[in-house]
Amino acid sequence: MHNQAWSHCSNTRYDADKYDLIFNCDSLPEMPIHVQDRYIDLILDRLEPLGVFLSINHESDRDGQRRVRDAVKAKLKLQSRHPFAMMPGYVEEIYVRNS
């Protein structure tokens, strides 16, 4: 099992490993849209064919922010979505690859 952090500000490509689970919490909506797009492309590049992307992020789309579901809708398929009980205003979403 790998535990590896990605830097969304870097062009560095670490290794070519694939992951069954990729997790993002409390950061994707705050990224500029062009950085979100690069981050999502990296997720797609690293996600195993049957892997899942787990997102726990807020629902705000203020100040030019884009919600996770809007950022990934053309690239990933939503499997489940519900309020995240530990943080009001946040949702837990699970995505898989589009077929």
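Predicted model: local features only at pLDDT ≥ 70, side-chain atom pairs only at ≥ 80, totals over all residues.

Visitor: What makes up the secondary structure of the protein?
Guide: There are 2 helices and 4 strands, in the pattern β-α-β-α-β-β along the sequence. Helices (H or I, at least four residues) and strands (E, at least two) are DSSP runs, numbered from the N terminus.

Visitor: Why are strand 1 and strand 3 said to stand at the edges?
Guide: The open sheet of 4 strands has the order 1-2-4-3, with mixed pairing. Strand 1 and strand 3 (76–83) each have a single partner strand, so one side of each lacks a neighbour in the sheet.

Visitor: How do you know that strand 3 and strand 4 pair?
Guide: Two strands pair if DSSP finds at least two bridges between them. Strand 3 and strand 4 (residues 90–97) are joined by 7 bridges and run antiparallel, so they meet that definition. One example is His82, whose bridge partner in strand 4 is Glu92.

Visitor: Why is Glu93 called buried?
Guide: Buried means under 20% relative accessible area, exposed over 50%, and partly exposed in between (1.4 Å probe, protein chains only). Glu93, found in strand 4, has a relative accessible area of 2%, so Glu93 is buried. Across the protein, buried residues make up 37% of the 99 residues.

Visitor: What makes a polar contact between the side chains of Glu93 and Arg81?
Guide: The term asks for a pair of N or O atoms within 3.5 Å; within protein, one must be able to donate a hydrogen and the other to accept it, and residues adjacent in sequence count only if both atoms are side-chain atoms. The two side chains make such a contact at 2.9 Å.

Visitor: What is the largest nonpolar core, and which element gives the largest share?
Guide: A nonpolar core is a set of buried Ala, Val, Leu, Ile, Met, Phe, Trp, Tyr and Cys residues joined through side-chain atoms within 4.5 Å. The largest one has 16 residues, and those with the most contacts inside it include Ile22, Phe53 and Tyr95. Helix 1 supplies the largest share, 5 residues.

Definitions and conventions
Residues numbered from 1 in each chain as written. Heavy atoms only, no water.
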